[in-house]
Amino acid sequence: CPAGNFSTEGSSECDPCAAGTFSAEEGAGECTPCPAGNFSTPGSSECPPCEEGTYSDEGAGGCIQVPPEEFALRLTNCQGDAFCRLEMAVNAPSGSFWDAQDEFGERGEDRVFVGTGVPMWGTVCDYVFSDLEAQVACEQMALPSSGAKWMRVGSSGVDSSIAAAEAESLPIWMSDTVCDGDEMQLVDCATYPENLGQGTYDNFVFCDHSEDVGLLCQCGVGTYWSEGAGTTIEGPGGTCTPCGDGETTLMAGSASNASCTCDVGYAREGVVCNPCGQGLYKEVIGEGACDPIPAMATYIGSLDGTCYSYATGGEWSYQVCFGNELSQFKEGETISLGSFTSDSGEDVLLDATNVPYAYQAFTGGTNCGDPGDRSGTVRIKCETEGGPSGLASISEDVICVYILEFYTPLICDHPSF
């Protein structure tokens with residue numbers, strides 16, 4: 001008899017080995033059972049091993065999918081590098097069931113889920129789901145997580161018709177999921193239903209599969225996946241590793257350190273990104289060089305000779321004429337707060353709240369008695385809302401010494417602002 005067959009004493013023909021057995025040599029009088037972890041089809045001369053993720057007992061004619069661990073996660077319906085549907089394995093007690101039509105009425109679908117007593121796959125409803133929960137889920141699957149994003153799979157990134165069709169028979173295991181960020185598994189996060197994993201759905205009356213959670217597992221900006229490609233579907237274990245000092249990435253989802261480039265304010269010297277030197281700046285991410293900081297006068301020189309007034313709502317109002325005079329006035333009376341004496345030049349200072357400003361100083365104003373002559377400083381700040389130039393406030397923390405806040409869009413494009 002040829003390999004893969006056998007015959008007993010007195011037989012007039014050879015019979016093929018049954019599934020789960022084999023004969024490796026010619027002339028076999030019996031077939032040998034396949035060892036555990038292997039299988040065979042009828043008439044086999046060998047027992048190939050089970051594929052990864054499957055198993056078999058001795059004498060098996062096929063391999064069985066390894067049951068998922070309870071609360072395991074996986075990504076399905078991935079469209080290239082776009083969002084994938086998140087699925088969770090939960091143990092539904094044998095015989096438990098839920099008729100969606102009974103629960104939802106017109107909102108429901110005509111399907112019944114019956115528990116089998118082994119972990120079964122289901123989906124996660126997106127109510128209150130956020131990128132923080134996405135990070136926990138991606139980390140649980142040993143995928144890039146620091147830049148993880150979530151999306152409702154029925155909106156974009158996944159073909160909603162395919163996703164809905166394939167999810168039709170799946171239970172919805174979780175809803176209203178809220179994580180702190182340090183959980184080891186998504187199931188460790190707070191969740192709305194108290195009956196998680198019991199195959200009942202009383203708390204999901206507003207969820208359907210058009211609201212399934214989709215994930216994009218990726219490293220955040222400034223980091224890269226340090227081992228292998230690290231796709232959204234599968235990849236070797238690894239971590240999101242920060243780029244080197246002075247480096248970042250242009251976007252999230254970088255797969256190697258080749259994506260790291262010099263950050264704003266840094267330029268490459270050899271293999272290292274060093275900060276721009278004194279008097280230099282760089283406003284964009286990339287491999288460009290640092291440029292000389294333009295003179296402050298280029299931005300605010302047009303203010304000289306212009307005057308702006310500020311009414312406090314009280315007895316006195318105030319006026320600054322840049323490069324000339326600072327004064328306070330009321331009907332019939334004007335008091336000098338000083339003549340222009342100096343400005344900040346190329347220096348940029350920070351106020352008590354770390355807001356940058358340039359300034360013009362005014363001294364030698366009308367005498368104030370014991371404190372001496374009046375004086376004042378006009379702080380020139382960026383008008384971030386795009387409004388017109390103008391005085392915004394005045395303070396007198398020290399008697400007869402005035403500080404006025406002036407906002408203008410003219411200064412906003414200077415690198416220091």
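## The nonpolar cores

In this predicted model, the largest nonpolar core has 26 residues. Such a core is a set of buried Ala, Val, Leu, Ile, Met, Phe, Trp, Tyr and Cys residues joined through side-chain atoms within 4.5 Å. Buried means under 20% relative accessible area, exposed over 50%, and partly exposed in between (1.4 Å probe, protein chains only). Leu-75, Leu-86, Met-88, Met-141, Leu-186 and Leu-215 touch the most other members.

Five elements are listed as giving two or more residues to this core: strand 7 (73–76), strand 8 (84–91), helix 2 (131–140), strand 13 (172–174) and strand 14 (213–216). Helices (H or I, at least four residues) and strands (E, at least two) are DSSP runs, numbered from the N terminus. A second, separate core holds 22 residues, including Ile-300, Ala-358, Leu-391 and Tyr-402.

## Disulfides

A disulfide is a covalent bond between the sulfur atoms of two cysteines. Here, a pair counts when its sulfur atoms lie within 2.5 Å. The structure holds 13 disulfides.

One of them joins Cys-17 to Cys-31, with 1.9 Å from S to S. The torsion about this S-S bond is about -80°, so the disulfide is left-handed. Cys-17 sits in the loop between strand 2 (15–16) and strand 3 (21–22), and Cys-31 in the loop between strand 3 and strand 4 (32–33). They are 14 residues apart. Both cysteines are buried.

Cys-34 and Cys-47 form another disulfide, also with sulfurs 1.9 Å apart. Its S-S torsion is -70°, and the link is left-handed. Cys-34 and Cys-47 each lie in the loop between strand 4 and strand 5 (54–55), 13 residues apart. Cys-34 and Cys-47 are buried.

The sulfur atoms are 2.0 Å apart.

## Confidence

The protein averages a pLDDT of 81, and 82% of the residues score at least 70. pLDDT is the predictor's confidence in each residue, from 0 to 100. Confidence is lowest in helix 1 (residues 100–104), at a mean of 39. It is highest in strand 18 (residues 261–262), at 96.

Over residues 155–163 the pLDDT is below 50. Beyond near neighbours in sequence, this stretch has 17 contacts (heavy atoms within 4.5 Å).

## How to read the values

Residues are numbered from 1 along each chain as its sequence is written, and side-chain values use heavy atoms, without hydrogens or water. Local features need pLDDT of at least 70 and side-chain atom pairs 80 or more, while totals for chains, interfaces and linings use all residues.
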